[in-house]
Amino acid sequence: MKGFSDIILREMNNPSPIREIMKMAEPKNIISMGLNPSDVISFGGGWVDHIAPEELMESYREIVSSGESFHFSGGYSPTSGFEETRESIKKFENILFNQNLNSENIIIGGSSSQLTIDLFRILLNDGDRIILPDPTYANYTGQLAFVSRNIKIERIKFLDENSWKYLENKNEIIEKISEEFKDKKVKAMLLVSPDNPTSQILPEDFVDELLKIADDTGTYIIFDFAYKTQYFSETFPKYFSYSPEKHPSMITVNSNSKWGRGLGRRMGWIEANADVVNAMERMQQASILCPDTLHQMAFTKFVEKMGNRLRDYIDRVRMEYRKSSEITSKAIEENLGFRYLKSMGGLYIVADAGMDSDEFVIDVLKHTGVIFVPGKGFGPSLKNGIRISYGPLVRKNQKIIEGMERVGKYIRSRKGSY
Ligand SMILES: Cc1ncc(COP(=O)(O)O)c(C=O)c1O
């Protein structure tokens, strides 16, 4: 190909493994495997499928039904978002997590995906290093690749593929991170909690220890909080309520996508110390100019309408996902018999297929019409692991059981050939 940058040429040859399997599951490919696309059961998607709250729909309706406010929604917003919307974010976080924020510590963006890549751009120089857990969300490596050709990613193993335990040796892991943070080239560590793909929630003492080391060494801990509202325990971990004022080395990336089924109505925000927020504002002038006006207006109206009822809505929704996760766990035990990590929140369960997961996933798809995501893209620890998403099936729990039964039957018929 002529005329493209070296980075894109390199990355075109390095597509996301998740996209690859989803492409393989497109109807024309399914038909060519001799399967009926309508019989396919997908545990592949990284999205939520609960119904968005009526009050959110009402908020949009009110905006578009008035000529004046519809006209206003077609205008630019300030680069860091409307002051009013940042006030609503403060309220949202306070109602849900008892968090006390200042609006100087918030910047609104187009989505958490955009905010993450822009955050990498403001933090990282050529030759810098960033620490990612193994496994972690597959998109970060691609995003980092587009920031510079020379960012070094250090992986620290959180999942032991032999014992299939997560953060088994917490102290050893903290020790390793602490060593890494002493290197000035290490700018940040990026954590996800609840996690994609493991759906684990990082323990409070672990996070507190890391924040202490980060403060001492001048390193940032970035939290991707895309699934923050989807914890399954009675209470959320303490660090969900930390403020950047008290924890200046903590940067959190937040998203509208999951809590309100707003994946197509994209808006995200960062909570961080004022220096990071100011740098992000400069960055966004170049990358997006400003976040979406309509979604900011709707968010503001929605938070106003809901007040403390927001808690009830979030509690109801997270319990729906907890129920689907429990159904998935039981179906894995009864049909697959694989080792797996019990979901603590979010949309996923990772399980040990006991063989190369690329091969396993393709074979299972061809013979059963069931789609899993192979784990390798999340990190080497999941070479034999698969990611099972129950999120897209939250309103179709029967499909979870049906899919697992199909795969179980196939696995039993193949016993000895794997
Ligand atoms: C960990 C994580 N972060 C970010 C995103 C994307 O969020 P957004 O829709 O806000 O870009 C996802 C999507 O699946 C995710 O799993």
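For these notes I call a residue buried when its relative accessible area is under 20%. The model I have open is a predicted one.

**Helix 6**

I started with helix 6, which runs over residues 83-97 and has 15 residues. From the first C-alpha to the last I get 21 Å, close to the 21 Å expected at 1.5 Å a residue. Next I looked up which residues of helix 6 are buried. My list reads T85, R86, S88, I89, F92, E93, I95, L96 and F97. A reminder to myself: an α-helix has 3.6 residues a turn, so residues three or four places apart point the same way. I then checked what the buried residues of helix 6 pack against.

**S59**

I found S59 in helix 4, residues 54-65. Is S59 buried or exposed? Its relative accessibility is 0%, so S59 counts as buried. Leaving out residues up to four places away in sequence, I see S59 touching A298, K301, F302 and K305.

**The ligand**

I counted 15 residues around the ligand, and the closest are S113, D224, Y227, S255 and S257. I also looked at distances to oxygen atoms of the ligand. For N196, a side-chain N or O atom is 2.8 Å from a ligand oxygen, and for S255 the distance is 2.7 Å. On its own the ligand has 400 Å² of accessible area, and the protein covers 92% of that.

Note on methods: Residues are numbered from 1 along each chain as its sequence is written. This is a predicted model: local features need pLDDT of at least 70, side-chain atom pairs count only at pLDDT 80 or more; totals for chains, interfaces and linings use all residues. Side-chain values use heavy atoms; hydrogens and water are left out. Helices (H or I, at least four residues) and strands (E, at least two) are DSSP runs, numbered from the N terminus. Buried means under 20% relative accessible area, exposed over 50%, partly exposed in between (1.4 Å probe, protein chains only). Contact means heavy atoms within 4.5 Å. The expected span of a helix is 1.5 Å times one less than its number of residues. A residue is near a molecule or strand if one of its heavy atoms lies within 4 Å of it. A polar contact is a pair of N or O atoms within 3.5 Å; within protein, one must be able to donate a hydrogen and the other to accept it, and residues adjacent in sequence count only if both atoms are side-chain atoms. Accessible areas come from the Shrake-Rupley method with a 1.4 Å probe; for residues, only the protein chains shown count as cover.
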